[in-house]
Amino acid sequence: MNPPPVRQARSALSLWGERAIEWIIRLCGISAVIFVFSIFLFVFLEGAPLIPDLNWIQVIFSPEWYPTSRSNVRYGVGAMIIGTLSVTGLAMLFAVPFGLGAAVFVSEFCGGRLKETLKVVIEMLAAIPSIVWGFIGLSVMNHLIQTWLPAPVGLNLFNAALLLALMSVPIIVSIGEDALKAVPDSYREAALALGATRWQTVYRVLLPAARNGLLAAVLLGVGRAIGETMAVLMATGHAVNIPTSLFDPIRTLTATIAAELGETAVGSPHYRMLFLIGLMLFSITFVVNLLADLAVRGVRRQ
Amino acid sequence: MNPPTFTATPHVLRKLRRERLAALVLSGMVLAMVLPLFAIVAYLVVKGAPLINWAFLVTNPTDGMRAGGIWSALVGTVYLVVIALLVAAPIGVLCAVYLNEYARESWLTRLINLAVVNLAGVPSIVHALFGLGAFVLFAGLGRSILAASLTLAIMTLPVIIASTKEALNAVPLSFREACWNVGASRWQTIWRVVLPNSISGILTGVILQVSRTAGETAPIMFTGAVFFKKVADGALFPYALTDQCMALSMHLYTVTTQVNNAPEALPYAIAVVLLGAVLLVNATAIIVRSYLRSRKKW
Amino acid sequence: MPRLPLSRHLRATLWLSGCLVLMLGAGGGCGAGASRSKPRPTVIQNIGSDTMVNLAQAWAEAYQGVAPNLSVEVSGGGSGLGIAALMNGTADVANSSRHIEPEEEAKGAQRWGIKPREFLVGFDALSIYVHKDNPITEISMEELHEIYAEGGRIDRWSQLGITNIPNARTDRIIRVSRQNNSGTYQYFRDVVCGKHTDFKLGSLDMNGSKDVVELVSRTPGAIGYSGLGYRTENVKMIPVSPRKGARAVLPNIATTLDRSYPISRPMFMYTPGQPPPHVLAFLEWVVSPAGQSIVERIGYIPMPPKEAAP
């Protein structure tokens, strides 16, 4: 949006003032780029000195995490990678159908007041802090799972996945709803004119048309679940363990940093290893968000 | 001849049955999301209710955090949120102004947009690592309120940018054109016309971030929040910016995991206060938004 | 121009945020101002062991009554963090649930010229907890080693002869442990697993001493270790014998002080060299009967009267 060039008698002061403000605005404009870059840089620099000392095959595939051992220090994060993936995967198994289903319902099956109310409720659900979710997992769900399900311990994969699902559903719903809203009404009208019911319209027309946006919604949900920290710290059981059942305790990458960073001496190899785990997380979520962004871009191009 | 009567063929019947089934299943899915919200809030309130009263809010924790209230944590959270948003809001709004009003479609805007999207996706624990590396150690702020709020500010920045951009975008181009036509410069247009007309949207976006900032734990755990800090009961400004502070979210975490023999209701009460504050702020933002939307005339 | 009145909102917002900045600034200033009129309380920074943080907290609170003009600020973070803070001057007193390590001492002496002074302030006994329905009556150090240490062979309750835990749903022993850089974890590893052996993988590593007891109290098949002070009525503390066949004892003041309970450790406070008078006064009060009575109330083991003499 460009104004036409204006010639006008203005005081030098106001001209300089305006120029200064424009520079400030430009600076703020690139602030996001600066911050993303410096996050990468700082996390990388704190972790980098350890990189030459690591055997990466062992780090990524070995489950043996003994950063404070006296005799044999081992930095294997394999179990945590599997933990993160399994809890995210299971959470998405719950969250994707429910999230997309709710998005379809909110966008197509209800209108007026109900729609506004539901959107507000979903916003509220998204606002519950992760520490409160973690507390619920630790005190309420732990007890429920222990009492009603055949689980030897209440803090486990299932508990955390349920919490993560509830936490990522609001994102999936709101982005998914946006994607459905972006489908032109003429599509709906054409389907109606052919005698399709709402469900047929959704199933045959809207879902294929909004495919990319819905994919982005799911990916952003995945990103949220991978990056979640406090809730999984409190609800997974925090055990370095490769899960073999739904009710096994696990440990995630994020929780490991949160649990161990506080007491680690700055500059020690353990401290640097935690930053390298952070770097891994940063890269994983970066890729996931990039994919989501590409998917959204695909929508716009249509 | 009689008008043709419309009889439902088996095909139509099946179609309608499916429609009903779909509506039922989908509404069930919505219920499955909504019910937990109410169940959780209700459960927490019932369990925490015995402890919650005015004195609980304005007195400090005593007896190793087993008794007393949560004042020092409450006020610490207010400090963190206010400072974080005072930093993030101007930067975020100006960044959105740049993207929406100044920048043309170029590789730079694409890069900025990409950065905003990715900044929003950075896990909170990575923000914590960054805060520790950049503010606490590199900038030499130490573990302090300042370091913690700056970390939180960067975390909220992308969302403020996105919501502000949306608000600015909603101002019709014709407003700007009218302004340019009377000879206003670009900044004058933004200052006198664009920002005043989008301030409600911008404010709502910022207020919604209050709740997110207040609830975060991971980013402040290593940058400025402490287990316990003594302040005067009910003091309004107990902390200096270089102090460490307590925060509600952190307090909930420590009481849940470390404080033994605390009354059973205590963590529930803290959770209720945190949740209540967050939901109250959110509800305010939503009410303000719908009120201002209804007043909008274009 | 369209709808200028709304710019009032904008202006109001700016005023409001301006006022907030001023208020916060003034708040800091007025805090400082208030302290100028009253003598500002002297602060003792006390950082360190999470095991001792509850205790240090209680001391800090009680010491308010003894010396109202002195404020002790306590924060946790671990023994290592406390000693590091002591060495670089950010702490006046470091709490540690282990002896200072020679490397730490050497580093402090070399970089800062500090020779830390040690004060013994009490003992902590690590109790072994199981669910209250667990019928187990005692456990030996060897069995604990087999359960917890890497390469240990016991991972089912039936191997200990326990087959009838109600509601356990599994024979597997669910090991509850602590995060790997806590002082408690390291002490337990040194005593139970052996100095050069690590823990078995797959234990649930909790972040706080209370967390361990809480989880054990909710999980029938679990075993865990935590401070004596964290006992609740929902868990069972089991007697430990130093060797299989030897007499198993429960942790308490007597068994800790005569060293018959095998998993107990001293708790220390360190100062950088000879402490200034107000810090020394605090530490002397800590080891006095008044300070030691708090140790017992919080659930740790106070020093015997002869050791408590300065």
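Predicted model: local features only at pLDDT ≥ 70, side-chain atom pairs only at ≥ 80, totals over all residues.
**Exercise 1. Helix against helix in chain A**

Work out how helix 5 of chain A and helix 7 of chain A pack, and which residues make the contact.

*Solution.* Start with the geometry. Helix 5 (residues 112-127) of chain A meets helix 7 (residues 157-181) of chain A at an angle of about 140°, and the axes are 8 Å apart. Next, classify that angle: roughly antiparallel would take an angle over 145 degrees. So helix 5 of chain A counts as oblique to helix 7 of chain A. Then get the hand, and this crossing turns out left-handed. Now list who touches whom. Helix 5 of chain A brings A:Ile122, A:Leu125 and A:Ala126, while helix 7 of chain A brings A:Pro170, A:Ile171, A:Val173 and A:Ser174. Last, sort these contact residues by type: six are nonpolar, one is polar and none is charged.

**Exercise 2. A helix pair in chain B**

Describe the packing of helix 3 of chain B with helix 6 of chain B.

*Solution.* The two numbers you need are the angle between the axes and the distance between them. For helix 3 (residues 71-102) of chain B and helix 6 (residues 145-169) of chain B, the angle is about 35° and the axes lie 6 Å apart. The hand comes next: right-handed for this pair. Finally, the contact residues split into 23 nonpolar, six polar and two charged.

**Exercise 3. The two sides of helix 10 of chain C**

Find which residues of helix 10 of chain C are buried, and decide how they are arranged around the axis.

*Solution.* First pick out the buried ones in helix 10 (residues 289-298) of chain C: C:Gly291, C:Gln292, C:Val295 and C:Ile298. One step past the end of helix 10 of chain C, C:Gly299 has a positive phi of about 110°.

**Exercise 4. Two interfaces of chain A**

Take apart the contacts of chain A with chain B and with chain C.

*Solution.* Begin with chain B: 72 residues of chain A contact 76 residues of chain B. On the chain A side, helix 2 (residues 31-47) of chain A gives the largest share, 10 residues. That side divides into 49 nonpolar, 16 polar and seven charged residues.

Now for chain C, which puts in 30 residues against 28 from chain A. On the chain C side, helix 3 (79-87), strand 7 (204-206) and helix 7 (209-218) of chain C each give two or more residues. By type, the chain C side has nine nonpolar, 15 polar and six charged residues.

Methods: Residues numbered from 1 in each chain as written. Chains lettered and ligands numbered in written order. Axes fitted to C-alpha atoms, helices over the stretch in contact; angles between N-to-C directions. Helix = DSSP H or I, 4+ residues; strand = E, 2+ residues; numbered from the N terminus. Parallel < 35°, antiparallel > 145°, perpendicular 65-115°, else oblique. Left-handed = near helix turned anticlockwise from the far one by under 90°. Contact = placed C-beta atoms within 7 Å. Nonpolar A, V, L, I, M, F, W, Y, C, P; charged D, E, K, R; others polar. Buried ≥ 20, exposed ≤ 12 C-beta atoms within 10 Å, placed from the backbone. Arc of directions from axis to C-beta.
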